[in-house]
Amino acid sequence: MKFSDLIRLVINNLNRRKARVGLTAIGVVIGTGAVVILVSLAIGLQMNANEQLYGIGDLSQIYVMPAYGGEMFIAGPGMGGGGGGGGGEVDQDIKLLTNDAVQELRSIPGVTAAIPRDYMYAMTFITYRKLQGYSGVYGVGTNDLADFGYEAQQGTTALTRSTVVIGYMVAQNFMDPNLRPGQEIPPPPDLYDQQIQMTLLKYDDQGNEIRKNYSLRVAGILAESGSEADFSMYLPLELVKSMNEWSSGTRINYNKTGYNEVIVRVENADKTLEVRDQIIAMGFQANTMLDFVQGINNFYSILQVVLGGVGAIALLVAAIGIANTMAMSILERTREIGLMKAVGATNRDVLSLFLGEAAGIGFIGGLGGALVGWLLGQMLNVVAVVYLAQQAASQGGIPPSVAVYTPLWLPIFVLAFSTFIGMLSGLYPALRAANMIPVMALKYE
Amino acid sequence: MTSPLIQVSGLKRHYEMGGTLVRALDGVDLEIAAHTFTVVMGPSGSGKSSLLYLLGGLDRPTAGEITVNGERLDQMDENALALFRRKTMGFIFQSFNLVASMSALENVAFPMQFAGVPPSQRNEKSKTLLGQVGLADRSHHKPSELSGGQQQRVAVARALVNDPMLIFADEPTGNLDSQSGVTVMQMLSDLHKSGRTVLVVTHDPRMTRFATNKIFLLDGKVVSEAEYQSATLEPLLGNVGG
């Protein structure tokens with residue numbers, strides 16, 4: 001039998017049992033629709049999480065530290081392994097992040113920048129008028145934060161010895177320490193182009209407090225990036241080095257102690273893991289946000305499978321419905337099967353016809369399910385995005401651009417899968433039909 | 001001398017029914033020449049329908065050999081049998097076996113779908129055949145909109161679509177009124193006259209008027225006409241005499 005004739009016969013046969021085919025297909029619509037909407041939700045959540053947690057610029061950054069200790073450990077950016085820049089005892093076997101090492105990092109193909117960074121470990125108070133602020137303070141070995149891919153929302157990203165560039169959320173962390181309970185919290189100050197005071201504190205051998213003040217002008221506020229930069233203050237590395245030297249009372253020679261941390265930027269996020277592996281092979285510890293993103297992605301991949309599995313249960317029920325419908329249909333059409341064989345239909349023709357009908361029910365249901373799932377997803381998306389945007393507005397953070405996302409492959413996959421499931425459900429009844437003895441089928445009452 | 005179209009030797013068809021062994025056919029030997037009109041007569045349960053289904057390759061024998069047009073049906077697999085039926089045989093059944101959801105035209109064209117005939121040719125040939133059986137104006141009617149005689153004429157047209165050399169008819173007049181029965185008998189006779197070999201299983205004695213060859217079956221065995229008459233008439237005469 002020609003394929004076109006098979007398709008025509010399948011359509012005619014499905015058409016003559018509209019009600020039953022329709023009811024069976026509704027089961028498939030529910031199953032496939034559930035798969036589409038639940039997997040779309042998981043994909044939307046994953047995209048949302050990626051958007052919320054990580055600025056895309058961070059994915060091309062690698063945080064390099066000396067490989068302290070035998071075992072690698074995962075440390076968040078900024079959590080320096082400790083010790084290096086502080087001038088303490090250094091294990092001779094550990095490869096240090098000296099200037100030569102930084103040059104070595106810069107020479108790796110695909111690396112666009114390798115910038116040393118140190119954090120200020122001196123006891124520090126940051127104040128602006130009556131307000132006290134809390135922030136991580138970093139010294140970076142560059143004159144311009146644009147080298148990290150950061151952009152200024154206000155002012156500049158350039159660094160000088162008398163200015164500071166602060167993250168998007170830093171102003172939120174300036175509070176009045178004298179605020180009384182019940183008193184309304186004032187809005188965060190606009191720090192741009194304002195002078196802030198940085199007071200370093202230490203104690204001499206007699207326990208006397210010694211203070212040193214720095215007055216710095218806020219030359220720029222960084223645009224929100226969703227990364228640690230939102231909560232950080234940036235100064236030139238030499239300034240932070242001199243602050244740490246004052247605090248510890250010792251000179252710091254990075255060529256002897258190495259830098260705490262070097263941030264390596266890669267030209268393209270696709271190369272991040274490859275470069276990371278090369279850096280580890282050089283004997284350093286290297287972490288990237290991509291590891292976290294991959295971890296998150298793995299989690300959401302599992303979530304997609306789990307949610308898809310929940311939908312698949314509904315599809316399984318629908319598959320049993322298809323099998324039942326086909327079994328009933330074959331019982332009712334036993335004499336017709338006998339006739340088909342008498343007029344020259346082969347077992348394969350009969351098998352193809354009934355498999356085609358079962359697959360047809362799966363296809364119709366899959367088409368409906370993909371459409372219904374997509375439409376519901378779109379509706380849910382509108383509602384959820386509005387809700388989440390309100391949440392983001394009141395609690396801070398980046399408003400999501402998507403909550404439920406249906407990629408093109410999903411409805412195509414679901415359609416193919418439901419057709420396959422339909423065919424699979426019809427396999428046993430179709431095999432029974434194909435193997436009927438013609439005379440028994442013709443005499444069936 | 002040409003060899004017969006159908007040769008059967010030692011043909012047996014036994015099956016179990018309710019724990020009892022039924023010997024539907026029990027050692028049948030026969031030969032049917034080409035271009036004959038053969039009528040197989042026998043009372044209910046004599047095995048005549050079993051014989052037709054075995055000769056048509058719709059059933060498998062318990063033992064024995066069936067040769068049709070030089071091919072051993074008892075040695076063919078299901079696929080080969082289906083292809084052989086498609087090319088060589090046409091079937092007419094007592095209960096017409098039309099597909100209820102299809103029009104007369106579609107029913108006639110149905111076997112050609114499995115033979116891979118293009119739709120335009122199917123349509124043309126089906127229309128011609130429906131015209132030949134006098135149903136040109138009923139081609140778009142569903143079986144439920146046709147009388148029994150008309151349905152059987154559609155079935156006759158369907159049996160002819162693949163130009164078979166052999167026509168098998170199982171009680172073709174069994175569900176028809178006498179006038180429609182005569183029309184169908186005449187059609188079968190015309191098919192024979194056009195050069196086809198026709199084998200009809202019936203217990204309608206009117207059919208013997210058209211036959212060139214008669215086979216009588218009793219209890220799964222071929223018997224002579226005299227034995228058949230004696231066996232079927234004796235009980236009646238005995239009752240009259242008693």
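Visitor: Which residue of S4(B) stands opposite Lys12(B)?

Guide: This is a predicted model. S1(B) and strand S4 (residues 63–68) of chain B pair in the antiparallel sense, over five bridges. In S4(B), the residue opposite Lys12(B) is Ala63(B).

Visitor: What is the bridge partner of Leu11(B) in S2(B)?

Guide: Strand S1 (residues 6–17) of chain B pairs with strand S2 (residues 20–32) of chain B. The sense is antiparallel, and the pairing runs over 10 bridges. Leu11(B) has its bridge partner in S2(B), and that partner is Val28(B).

Visitor: Which residue takes a positive phi in the hairpin of S1(B) and S2(B)?

Guide: Look at the turn of the hairpin. Two residues lie between the strands S1(B) and S2(B). The residue with a positive phi, near 60°, is Gly18(B).

Visitor: How many Å² do chain B and chain A bury between them?

Guide: The size of an interface is often given as the accessible area lost when the parts come together. The contact takes 27 residues from chain B and 23 residues from chain A. Of the buried area, 60% is on carbon and sulfur atoms. The area itself is about 2200 Å².

Visitor: Which residue forms a salt bridge with Asp5(A)?

Guide: The count between chain B and chain A is two salt bridges. In the one with Asp5(A), the closest N and O atoms are 2.9 Å apart.

Visitor: Where does the largest share of the side of chain B that touches chain A come from?

Guide: Helix H2 (78–88), helix H3 (104–114) and helix H4 (119–132) of chain B each supply at least two residues of that side. The largest share is six residues. Those six come from H2(B).

Visitor: How many Å separate the centres of domain 1 and domain 2 of chain A?

Guide: The domain assignment of chain A gives domain 1 as 3–54 + 296–443. Domain 2 is 68–282. Taken over C-alpha atoms, their centres are separated by 54 Å.

Conventions. Residues are numbered from 1 along each chain as its sequence is written. Chains are lettered from A and ligands numbered from 1 in the order in which they are written. This is a predicted model: local features need pLDDT of at least 70, side-chain atom pairs count only at pLDDT 80 or more; totals for chains, interfaces and linings use all residues. Side-chain values use heavy atoms; hydrogens and water are left out. Contact means heavy atoms within 4.5 Å. Buried area is the accessible area (1.4 Å probe) that two parts lose on being put together, summed over both. A salt bridge is a side-chain nitrogen of Lys or Arg within 4 Å of a carboxyl oxygen of Asp or Glu. Helices (H or I, at least four residues) and strands (E, at least two) are DSSP runs, numbered from the N terminus. Domain bounds come from an automatic or database domain assignment. Two strands pair if DSSP finds at least two bridges between them.
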